[in-house]
Amino acid sequence: MTEMKTALVIGGGPAGLEAAIKIGQAGHKVILIERTGSLGGTLRKLYSSFPRWENPEDLVNYLAEQIRNSSLITTMTDTTVTAAKKSAQGYQVTLETNGGKSKEIKVGAVIIATGFELFDASAYGEYGYGIFDNIMNSLEFEALLKEWANNKEKISPPKTIAFFKCVGSRDRSKGMPYCSKICCMYTAKQAGLVKELFPQTKCYVFYMDYRAAGREYEEFVRSVIEQKHVRYVRGRPAKVMPEDGRLLIRAEDTLMGLPIEVTADMIVLAAAIIPSQGTREMASLFQTKIDQYGFIDYETNQPLKAGDRVFFAGACGFAVEILGAMEQGAAAAAEVLSLFNQEN
Amino acid sequence: MPELTKKPTEYYFKAVKLNQLDDSLQQEIKLKCGVDVETCMECGKCSGGCSNTHIFDITPRQMIKLIKMGREEPLLSMDSLWTCVSCQLCVDRCPSRIDIPRVMDYLREKACQQGIKPTREQVKLFNELMLGSIMKTGRVEESLLAVKFNLKTGNYFKDADLGRQMFFKGKLKAFGPRVKNLKKIRQIFNDTIQKEG
């Protein structure tokens, strides 16, 4: 019956890694599968983290080392779940590698940690994403930040960068009605990093409200404004137009009630967080509860339970920061352990 | 911009007594226009994208805010009422899809009903002439409309050169177009007049 005391963790981001580590440390077998070739998930794409300006690579290495050191965790990268069949005490799951080889396993519990993706900002014709050059979403900008940091001397930095928040969030017309929760923080982080790398570059952040509810969050945003001199403008930009090779932004300063214009060389769109393709697939395979947006939903009074023997952690449930994802990973692990323990 | 009739301090530093305001105007807009201004998040995307905001005295966002505050008087006498060209950019950009042009129309009607003098007489005149043309032929007879407008305003040669160029390019017809079912158009006008008085 040891198969039935084996847990399947789907997704190798911070939530999945933490869940796998904790179940392994408690003495149960874990199969950790990851769709891409390496562990780390979205963490690997980030240049820095808020609110402590830490290097996400250090965290990935720390987690990956614990995974490697555990004899109970089997890691399978380049692997996806293609089928799942419910049995009396668990699931019979079909795994498929990129090479096309498939394998059937039996597991007693499943943790889905398949993360998020970004809303396609080209839904907003007025912002020109995908039409004009130098307009990108925040994950693309994060990659650019990495590149800048590695070639700092060779780069001629943009004179002005504008950050638009709530692109696809808090919009019941063309986007998602919900607040994506983490954009306020990572936008402040990105603007702060630009000022750190290139103090001469002017940064404007267009915001509707800035939401900094978390340990050290408010202090973080204030420090970006006060010490790094990022200018915050209250108003949602309405139009981006090319002008002499640069980008002209029109908006209203809603605190003054005045129309304003900013000429920028680069625009970063903090696109809404939506369930990833993998999240949608896993929700359908394991027939979990989902909410109206496709995020995995929880059962009443059980915040990480999505169905019979199925739990979830991280941004597949809703937008969450790195530490929050790890907390949920550990909590989902506790759910699995409690389940296994009850069946002794 | 119209000249300021009050001292700036009267505009900016006079306290609005919130507990003396009510939501009757907001309810009226909801009932008559089907527009719920409660959904406004005050992001300002309407005003930022507005094609005429540079000549507005009150921006669309401020207009919505004034409705929420129940302040009818500045709304009915504002210059924006007559400089708005109903281009619909605001409603297209609005994350809450608030139909601001519909509210503008309603406020214009209300201002006219209450006999409030438009800040731009010519706009009202143009609208009247245009609607008159539609009532008569079912379409806007552009050349005639331009001539009538120029005669009434005294700017006899306004856009004359542009009109000449358009005529030779075949963009202006000497005889205006007509719709087939003129009866139906007249019916719409009659219904509206009967309904609104």
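What you see is a predicted model, in which local features need pLDDT of at least 70 and side-chain atom pairs count only at pLDDT 80 or more, while totals for chains, interfaces and linings use all residues. Residues are numbered from 1 along each chain as its sequence is written, and chains are lettered from A and ligands numbered from 1 in the order in which they are written.

In chain A, helix α1 (residues 14-25) packs against helix α2 (residues 56-69) at an angle of about 35°, the axes lying 10 Å apart; helices here are DSSP runs of H or I, at least four residues, numbered from the N terminus. On the α1(A) side the contact is made by A:Pro14, A:Leu17, A:Glu18, A:Ala20 and A:Ile21, and on the α2(A) side by A:Leu63, A:Gln66 and A:Ile67, where contact requires C-beta atoms, placed from the backbone, to lie within 7 Å.

Turning to domains, whose bounds come from an automatic or database domain assignment, chain A is divided into domain 1 (2-115 + 276-342) and domain 2 (119-273).

Finally, how many residues does each chain bring to the contact between chains? Chain B brings 18 residues and chain A 17 residues, and on the side of chain B that touches chain A, α3(B) gives the most, with 4 residues.

How values were computed
Contact = placed C-beta atoms within 7 Å. Helix = DSSP H or I, 4+ residues; strand = E, 2+ residues; numbered from the N terminus. Axes fitted to C-alpha atoms, helices over the stretch in contact; angles between N-to-C directions.
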